[in-house]
Amino acid sequence: MAILLLFQCDLPAMGSFAAVREAGLRIPGDISIVGFYDISFAACLEPPLTSVAQPKRKLAEALSATLMRRLEQPAAPPRHLMIAPEVRAG
């Protein structure tokens, strides 16, 4: 039976490594752990933590373009943007 622990943040995901090992389980053999935010320290774990990364540069570019558009065209209708996250496999 495959088990996945999905955390809303990398820090508690990283903390779970010790508890999983204390329970006698193998990562990734018995259980997979995935975090969110892709903090740089997560790569230092063994095995490295798989994490969902927010594409910060794309978000910043979209925010800047949206702000400039709003300043230039205050009456323009709102736009909906979807920027896909990236999974960084550990």
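This is a predicted model: local features need pLDDT of at least 70, side-chain atom pairs count only at pLDDT 80 or more; totals for chains, interfaces and linings use all residues.
## Confidence in the model

The mean pLDDT of the protein chain is 92, and 99% of its residues reach 70 or more. Among the elements, strand S2 has the highest mean pLDDT, at 95, while S4 has the lowest, at 90.

## Overall build

The protein chain contains 2 helices and 4 strands.

The overall dimensions are worth a look. The radius of gyration of the protein chain is 18 Å, whereas a compact globule of 90 residues would have one near 12 Å. Along its principal axes, the C-alpha trace spans about 60 × 25 × 15 Å. Of the 90 residues, 24% count as buried. The accessible surface comes to about 6600 Å², and carbon and sulfur atoms hold 64% of that area.

Contacts tell you how the chain folds back on itself. Among contacts in the protein chain with a separation of 6 or more, 58% are between residues 24 or more positions apart.

## The sheet

The 4 strands form an open sheet with mixed pairing, in the order S1-S2-S3-S4. Strand S1 (3-6) and strand S4 (86-88) stand at the edges; each has a single partner strand, so one side of each is left without a neighbour in the sheet. From one strand to the next, the twist averages 20°.

Two pairings in this sheet can be followed in the structure above. S2 and S3 pair in the parallel sense over 3 bridges, and Gly35 stands opposite Ser51 in S3. Strand S3 (residues 50-53) pairs with S4 in the antiparallel sense, also over 3 bridges. In that pairing, Ala53 stands opposite Glu86 in S4.

Side chains in a regular strand alternate between the two faces of the sheet. In S3, both faces are covered: Thr50 and Val52 are buried on one side, and Ser51 and Ala53 are buried on the other.

## Helix H1 against the sheet

Helix H1 (residues 10-22) lies across S1, strand S2 (31-36) and S3. Relative to S2, helix H1 runs at about 160°.

Which residues of H1 are buried? They are Asp10, Ala13, Met14, Ser16, Phe17 and Val20. The cover over these buried residues of H1 includes S1, S2 and S3. After H1 comes Gly24, whose phi is positive, near 80°.

## Two cis peptide bonds

Most residues other than glycine have a negative phi, and most peptide bonds are trans. A cis peptide bond joins Ile27 and Pro28, with omega at about 5°. Pro28 sits in the loop between H1 and S2.

The other cis peptide bond mentioned here joins Glu46 and Pro47, and its omega is about -5°. Pro47 is placed in the loop between S2 and S3.

What is the phi of Tyr37? The value is near 115°, which is positive in a residue other than glycine. Asp38 likewise is a residue other than glycine with a positive phi, near 55°.

Tyr37 has a relative accessibility of 44%, so Tyr37 counts as partly exposed. Asp38 has a relative accessible area of 23% and is therefore partly exposed as well.

Terms used
Residues are numbered from 1 along each chain as its sequence is written. Side-chain values use heavy atoms; hydrogens and water are left out. Two strands pair if DSSP finds at least two bridges between them. Axes are lines fitted to C-alpha atoms, for helices over the stretch in contact, and angles run from 0 to 180 degrees between N-to-C directions. Contact means heavy atoms within 4.5 Å. pLDDT is the predictor's confidence in each residue, from 0 to 100. Buried means under 20% relative accessible area, exposed over 50%, partly exposed in between (1.4 Å probe, protein chains only). The radius of gyration is taken over C-alpha atoms; the globule rule is 2.2 Å times the number of residues to the power 0.38. Accessible areas come from the Shrake-Rupley method with a 1.4 Å probe; for residues, only the protein chains shown count as cover.
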